[in-house]
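Trainee: Please show me the sequence and the model, and then we can go through some questions.

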Amino acid sequence: MAKKRPAAKTAKPQLENGEIPVVGAREPCPCGSGRRYKACHGAAASHAVTEHVQRPFEGLPGECDWVALRELVPAATIPLTLKGGLPEGVPSVTLVTVLPMAWPALRREDGSVLLGLQNDSTTGDLARDMADTLERALVAEPGTPVPARRVPAEGPRLQDLLDLDGVFEPVVHTGFEFWIPEAENAQNASPEIAASLERANAAAIPTVKLTGVDAAYWCETPDKNHLRWVMPHPEEKLLDALARLHAAGTSSLGEGTKLVGSFRAHGLVVPVWDLPTGVSAEDVEKPAAEFAERLAAALSADAPLTAEERRARGGLTNRQVTLS
């Protein structure tokens, strides 16, 4: 049998790394290597796109409230301040928990921008995804939503676009009427937005932000009420402090209340208390402030945990749920 002659190699132009365009992951790499893009020059870009950033809101004013509004609060708005001020034709930029049809952002008819927070991340870095959405919203045609897209691996983050000295004060709403401009009536909204508004309002859990402590949110559910409090302290140190208080019988917020566990969300810990149905947000303001003082003292303690405190810590850790 005649031997097969090796195929002649055709010289292909080699491109410099900086010139490699982005193509489909399964398409041949434009560099001419003969390999698929995802296994060649797309490998580094793919890693950068999918690498998870544990604390995407770190460095932003109100990091704990960013986490709360992303994961816990149904309806809220916050005016945002951009570095260098607002572009011409954009009277305001407002962060909102969610928009109709889960739009990432919306440029209203008057040029103002609504930026949605509760959307999926395509890069593993929510701050980069949202910065890309914000930049596109600022130049979008008035009266149009900004669609989702695969965000480039390189690009600014929210920390690069927002004024880091700006004030971050969430306003919690009972419903999603903020979707509709003040000059309009909800009855005049499009059928799609009206239907989305009705569904969102029906599903929203009544929520109130406490005024005496930072990033603590009371919410009402059919069976019982809760307080969910996003805290900025390092996780291990915070769990030790909570265990000290729990073992000492001082982790509650008053009669009938109980520290039941915590969430872990975007690199921060969110302790959760069960509250009796009749306990309102106003009722828990003073107990929460008093707890904050006890927690500060427990955080400053550096003695090893006792056996009872270690058991309390194990119970709290076993009841911890990771949201993101």
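**Rings and a cavity**

Trainee: Are F176 and F178 buried or exposed?
Mentor: Buried means under 20% relative accessible area, exposed over 50% and partly exposed in between, with a 1.4 Å probe and protein chains only. This is a predicted model, where local features need pLDDT of at least 70, side-chain atom pairs need 80 or more, and totals for chains, interfaces and linings use all residues. Residues are numbered from 1 along each chain, and side-chain values use heavy atoms, without hydrogens or water. F176 and F178 are both buried.

Trainee: How are the rings of W66 and F168 arranged?
Mentor: Rings of Phe, Tyr and Trp (its six-membered ring) pair if their centres lie within 6.5 Å; planes under 30 degrees apart are stacked, over 60 edge-to-face, and the rest tilted. For W66 and F168 the centres are 5.0 Å apart and the planes 15° apart, so the pair is stacked.

Trainee: Why is the pair of F176 and F178 called tilted?
Mentor: Their ring centres are 5.9 Å apart.

Trainee: Which residues do ring pairs link into a cluster?
Mentor: The structure holds 7 aromatic pairs. Ring pairs join three residues into a cluster: F57, W66 and F168.

Trainee: What is the volume of the largest cavity?
Mentor: A cavity is a set of points on a 1 Å grid over the protein atoms alone where a 1.4 Å probe fits but cannot get out; lining residues have an atom within 4 Å of a point. Residues lining the largest cavity include L60, P61 and F168. Its volume is about 70 Å³.

Notes. On a 1 Å grid over the protein atoms alone, a cavity is a set of points where a 1.4 Å probe fits but cannot get out, and a pocket is an open set with protein on both sides within 12 Å along at least five of seven lines; lining residues have an atom within 4 Å of a point. Grid points are joined across faces, edges and corners, and a volume is the space filled by probe spheres set on the points.
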